[in-house]
Amino acid sequence: MNKLAIFGGEPIRKDPLIFGKPDLTRGHEIEYVTNVLKSGWIGNGPVTEKFELELGKYLNNPHIITTTSATSGLLLSFYMIAHRLGKVNLDGYEIITTPYTFVATIEAIIRSGAKPVFVDIDYNTHNIDTNLIEKKITAKTVAIVPVHVAGLPAELDHLISISNKYKLFVVEDAAHALEAYYKNRKIGSISDFTVFSFYANKNITTGEGGAVAVKDKSLYRIGKKMSMHGMTKTAYQRLHNKESIIEHPLTTYLGYKCNMNDIEAAIGLAQLESIDEKSHKRKLVWDRYNKQLSRIKTIEIPTINRHTKHAMHLYQIKLKTNDSRKRDQIANALKHEGIHTGIHYYPPVHLHPFFKKYLKVTSESSFPNSIAVSNNTISLPLTPYLTANDVNDVIKALNKVLDQLS
Ligand SMILES: Cc1ncc(COP(=O)(O)O)c(C=O)c1O
């Protein structure tokens, strides 16, 4: 048996396979960014507008507000809800979501003034268990935030029927789910707000960035202003007005500052041009993993729902353990073999020190599925341009490590 690299043996790869490495040189990224830099305007302007237009076509929803991140997009969505309720924030309200998410989801809820109320996930899909939502609804509940973990859409039909029954808003955390469909409907075109991330490791990136797709046109118009201090006109609009007159921007809504700029949008435009090609290539990698890994008895491969199109952002395997230390040991051994992996998400948000204290969490064992998945998943490298050899190396390393450590 080959000695594991972590114990001094030969690694499977000498040049490590980096997790979530973006690809920014095959398309027009450098050209478009250079054009913006030479144009004399790098702030929010015509290129951001074009990116929003193209994103709107892709998402089948013309109401797109680009933002600095998904985190700020979530907060902006909550501010739009507050505006609809005649308030400036959601102080005193509750928002239902899961603790199995990145801290950003919960951070944005708390920053909006609302209290996060947790519902456990389904063990197989890693998404909110919609059967558990209704019993958490109170008179203070204002919204439900499903997180489409790894790119697999949550059960939106059930969730939206609940939100309709209780007149709640739905804000989809679709940070992972740009390419996803739910029952032939594009994620981004279905519920009140859908929030995407273009962070460096996402399926398309702008370095940092995000977007909110808004269903209601009037709310979209208001949200767009709120993303830039609630002002009537942007700096670009004022500088380029046809009448060449001095205009004073007036704040008509309480906003904040979370708009995208033209440098980021230029990268986004180029990234979006090849999204279908990248998606196809991710699927090839995904299918290779499925074929090879379904034979390994000590792991579970990701669940796919027939009625959804998975965005294939993360390929998460589950180990047969409930001990995060065991999982970390395996991830560490893989790293020594030259295979970098991701862990999404440890611990579940309610067990992070800050949230535990702030939310007065008394039981360590609530939300058992969130805890189990948090303890036993590893995300394997998944980028469009992994070669068949790269994928084989991951599988070889996984077999080598699991044979000796599981
Ligand atoms: C589920 C989820 N929501 C929100 C975010 C926040 O995204 P951003 O970094 O664009 O703010 C992330 C980031 O990875 C995420 O995984």
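Predicted model: local features only at pLDDT ≥ 70, side-chain atom pairs only at ≥ 80, totals over all residues.
User: Let's start with Asn127. Where does Asn127 lie?

Analyst: Look in the loop between β3 (115-118) and β4 (141-144); that's where Asn127 lies.

User: And how do I read its accessibility: is Asn127 buried or exposed?

Analyst: The idea is to check relative accessible area against a cut-off, and buried means under 20%. Asn127 has 3% relative accessibility, so Asn127 counts as buried.

User: Which backbone oxygen does the side chain of Asn127 reach?

Analyst: For a polar contact, look for a pair of N or O atoms within 3.5 Å. Here the Asn127 side chain gets to the backbone oxygen of Leu152, at 2.7 Å. Leaving out residues up to four places away in sequence, Asn127 also touches others, including Ile121, Asp122, Val147 and His148.

User: On to the ligand. Which residues come nearest to the ligand?

Analyst: There are 16 residues around the ligand, and the nearest are Thr71, Asp173, Ser197, Lys202 and Tyr345. Thr71 has a polar side-chain atom 2.5 Å from a ligand oxygen, and for Ser197 a polar side-chain atom sits 2.7 Å from an oxygen atom of the ligand. With Asp173, an N or O atom of the side chain is 2.7 Å from a ligand nitrogen.

User: How much of the ligand's accessible area does the protein cover?

Analyst: Take the area the ligand has on its own, 390 Å²; the protein covers 91% of that.

User: Which elements give two or more residues to the shell around the ligand?

Analyst: Those are α3 (70-84) and α4 (103-111). By type, the shell residues split into seven nonpolar, seven polar and two charged.

Technical notes. Residues numbered from 1 in each chain as written. Heavy atoms only, no water. Helix = DSSP H or I, 4+ residues; strand = E, 2+ residues; numbered from the N terminus. Buried < 20%, exposed > 50% of the residue type's maximum accessible area, 1.4 Å probe, protein only. Polar contact = N/O pair within 3.5 Å; in protein donor to acceptor, adjacent residues only side chain to side chain. Contact = heavy atoms within 4.5 Å. Near = heavy atom within 4 Å. Areas by Shrake-Rupley, 256 points an atom, 1.4 Å probe, with all protein chains shown as cover. Nonpolar A, V, L, I, M, F, W, Y, C, P; charged D, E, K, R; others polar.
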